[in-house]
Structures are given as structure tokens and as C-alpha cells.
Amino acid sequence: MKIFLKKTLMAPEGPFDLSIDVEVRDGECVSLFGRSGCGKTSILRMIAGLQAPQEGLVKADGEVWFDSSAGINLPPQKRAAGFVFQEYSLFPNMTVEENLKFALRRGEEAVRVQEYLGLVGLKGLERRYPSKLSGGQKQRVALARALLRHPKVLLLDEPLSALDVQTRWRLQDEVLRLYEKTGITMILVSHDPFEVMKLSGRVFMLEAGRIVKSGGPQDVFCGSEWEVFFQSAKNGPRAVRGF
Amino acid sequence: MTYDLTPLWLSLKLATVTTIVLILVGIPLAYSLAFSRGRTKPFWEALVSMPLVLPPTVLGFYILVLLSPGHAFGAFLERVLDVRVVFSFTGLVIGSVIFSLPFMVNPVKAGFQNFPHALIEAAYTLGKSRRQTLVSVIIPNTKASLLTGIVMSFAHTMGEFGVVLMIGGGIPHQTRVASIAIYNEVEAMNYSAANFYSVILVVFSLAALVLFHVLYRRHGEVV
């Protein structure tokens, strides 16, 4: 997958230029890591087609989603990208099952809904409304819903940051399991170094719209201000509970 | 003593038809106003709200002129479609729809604008078109504002006087709705008949508003 994006973004401190040019291999899980306001979420939104860059090229599996030089800009509906939002974004008027069914294409069999419900361990909660689910359960529904569309890439926008620590760890295992099972390409936005280390094979560290460091989590975090996190994380998350 | 019930039926029929037309016209209009970023948006918003500030007679007068066979548009309707809308029930519906437009469009527009944008984007990333998103996601989650629009348009049309008098002329059994009948009866000093129509309108309006508040409480919490 090719991602080349350029856009001037507004921050409270003033405008800054986002500019990234990366290649993500099929089946790879990469993370965009950095402080809030550095442009991480905008990158995901531009890949999904929810926002347009001033200049760029987005290509997935040989398919051009955005190309400013050729004037191509597919709407989000035409891009095979699964998006998992931080605030879950489940439809409050639909049950768990209906939320998943909503992701099916016309004529697609509802049998897959049951399969995905099982995949995220939500069997038995089909008829519940989102308001009657815990945060962790909501995010499982959102994950299953995004995966149901057969996306070429799964975009995760700080998916676990609204959850308590224990639930977050459990869900990280869950995401890892789903990733290994489906072999899907994933792009994760996070400001949690533990999460990045646990889930991704490659990290892009962003500062004010630019990649300042990239590589395996170990290479990126060692020698940086995040090294202390990395050293603690090596001893397992439990060792740093008091951090 | 028996009273002529047709004015009440006419009012009820007019309010029902007007509300149905307003649902069909008002929702797309509210949607485009809520999500448009065009420069002319304030102008269209002001135009929709004009009936709130204009005297009904002014509005009625211009609609009357526009629809009359002496005017190009009215002549066109008569020549091509063979209908004369002034002093007819159709004319009343046209006038009422324009007059009650803000009562439908404004609450629905506010509901759409306050709806979380992330949910709309979630529907788009799931491959749903704007229309599918409106029908399956936005409308079911903004029921309270839609309900407000329906009840306010209906109640407003029931109590309309100036516009229907100007366009309809108060012809018995055709365009003489309850509010005009009350006025006619008072003019003829038939106070008991005026009282009969008035009591029914008061009871009906109160019942409709109570029902609205009950429904609002139920659906208002869902959103």
C-alpha cells in the first residue's frame, strides 16, 4: 500500500504542513505514533477518504484511491477501508446484530454476521442495543463491523484509548488475535507506547506532520524520550502498572 | 341544535395533507440546509423562515396573485394542467405548505446539525450512500426533532387563518375551514356555533400537544 500525503493542517499553535510518504506491505501492522495534534488522525481520515489532501497518492492493492495528479478521489464508500473510531460510532438505533448487518453489501448473506460475532466473542449479545454494552464490548462490535466489509486495510484511530487499563490490555490481545487470524493490513494510530509495541511491527514516529523516526518499535523507542517506557514494557505491562 | 361539521373536517384534512407534503419536502430541504456550506445558505435559511415574520395576509396576497389565472404561472397551471388552484382545496394546501415550512424545516435542520458527524462518517466507511445514511442512520436517531416538526406543522395549519382566507376565500364546504367558520359565526352573532367550533379546536389542540410531549419524552431519550 502506497501512502503519499501533503496537506496544511491547523493546530492551536498555528498551521503546519503534514507531509508523509510511506509504503505499507500487505498484511503488515504499522503504527502512527505521536502527540495529539501531530496529524495522525488526519492521515487515517485521508486514507479513508473522509478528508482530502492537497496533494497525494493513495494506492491499495493496485487500486488507486486518491491521485491528485490524475484528479482521482474515490469517495469513502468506494474505498475498501475499515475504520474503527475512538468513540466506537455504533448506531444507537440498531442492535448489535443490526449494526453488523448494516455493513453487509446488498445480497450478502447474513450468515457472516454470526461468524463475525463469534470471532469477537459477542455471541449472545446480538439483540442488545449499544447503550447496554460496556466500552470493551462496543469496540468489539465496531471491530467486527469494520472487518465485515472485507477491507483491504483496517484503520484504527486510537481504538482503545477510551477504555480502562485492564479492558485495554484484553482488547489488545483480541486485536492481535484478529490480526493473526485474518492477515489483514492494519494502520494503528496511538499515543500509547505499550500498545504500539505490542501490536505493530513497524512504527512511524510523527512530530508536527512529519515522520521523524521509523522502524521496529525497539529501534524507534530506544534512545528516545520513550526509552523508559520501552524498558519497562519489556518486563511486561504488569511491571509498570504503577507508572 | 346541530352544527355543520364540514369546517372541522376540512381543517383536519388540510392539516393532514399539509403535514404529509411537508414531511416529503421538508426533510430533504432540512438536510441540504443542515449540511451545505455554500455561500448562499444564509439566504435560503432566511427565505424558509420568512413566514415566521411576515403577516399571513402578505404571504396570502402574493400566493393569490401568483396562482390566479391573471398571472403567468396561474395561467400556465390552468392551460397545461387544467386546474385552477385559487379558491380551491389545492390552493389551500399550497399556501399552508409555504406558511408552515419553517415549522417543519427548522427543528429537523437543528436535529440534523446536532447529530454526531462521526456516525455519518462511519456509515460512509461502511459503503452506505448519503441517502441510505439519511434514511437508516440520521432520521431514526433524530426522531424527536422530526416529531417536533410534524406536530408543530400540523397544529399550526389547524389554527391558520389569514393565508387560508386570502387564498381560499372561505367558500362553504370547499375552503371554509374551522378558523374561518368561527370568524363567520361571530360576525353573524351565532355565538353558540362559534363556541362549538372553538371548544373542539381547543380540546383537539391540547390533546395533540399532550400526545406530543408524551412521545417526545419517550423518543427524546433515545437520542
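This is a predicted model: local features need pLDDT of at least 70, side-chain atom pairs count only at pLDDT 80 or more; totals for chains, interfaces and linings use all residues.
In what order do the six strands of the open sheet in chain A run?

**Entry 1**

I traced the open sheet across its six strands and wrote down β7-β8-β9-β3-β10-β11 of chain A. The pairing is mixed. Next I looked for the edges. They are β7 (81–84) and β11 (210–215) of chain A, and each of these pairs on one side only.

**Entry 2: the β7 end**

I stayed with β7(A) and asked for its partner. Strand β8 of chain A, residues 153–157, pairs with β7(A) in the parallel sense, over four bridges. I noted one position in particular: A:V84 stands opposite A:L156 in β8(A). Then I looked for a helix here. Helix α4 of chain A, residues 135–147, packs on the sheet and touches both β7 and β8 of chain A. The direction of α4 makes about 170° with that of β7(A).

**Entry 3: chain B by itself**

I turned to the other chain. Which elements does chain B have? I found 11 helices and zero strands. I took the extent along the principal axes: the C-alpha atoms of chain B fill a box of roughly 65 × 45 × 30 Å.

**Entry 4: where B meets A**

I listed the contact residues: 17 from chain B and 20 from chain A. The area buried between the two chains is about 1,600 Å². Carbon and sulfur atoms give 64% of that area. Which residues of chain B lose the most area to chain A? They are B:E121, B:T125 and B:L126, together 37% of what that side buries.

I then went through the polar side of the contact. I counted seven residue pairs in polar contact between chain B and chain A. The salt bridge count is one. In it the side chains of A:R45 and B:E121 meet at 2.7 Å, N to O.

Last, I sorted the touching side of chain B by element. Both α6 (117–125) and α7 (130–141) of chain B supply at least two residues to it. α6(B) gives the most, with seven residues. By class, I logged eight nonpolar, six polar and three charged residues on that side.

Note on methods: Residues are numbered from 1 along each chain as its sequence is written. Chains are lettered from A and ligands numbered from 1 in the order in which they are written. Side-chain values use heavy atoms; hydrogens and water are left out. Two strands pair if DSSP finds at least two bridges between them. Contact means heavy atoms within 4.5 Å. Axes are lines fitted to C-alpha atoms, for helices over the stretch in contact, and angles run from 0 to 180 degrees between N-to-C directions. Buried area is the accessible area (1.4 Å probe) that two parts lose on being put together, summed over both. A salt bridge is a side-chain nitrogen of Lys or Arg within 4 Å of a carboxyl oxygen of Asp or Glu. A polar contact is a pair of N or O atoms within 3.5 Å; within protein, one must be able to donate a hydrogen and the other to accept it, and residues adjacent in sequence count only if both atoms are side-chain atoms. Ala, Val, Leu, Ile, Met, Phe, Trp, Tyr, Cys and Pro count as nonpolar, Asp, Glu, Lys and Arg as charged, and the others, Gly among them, as polar.
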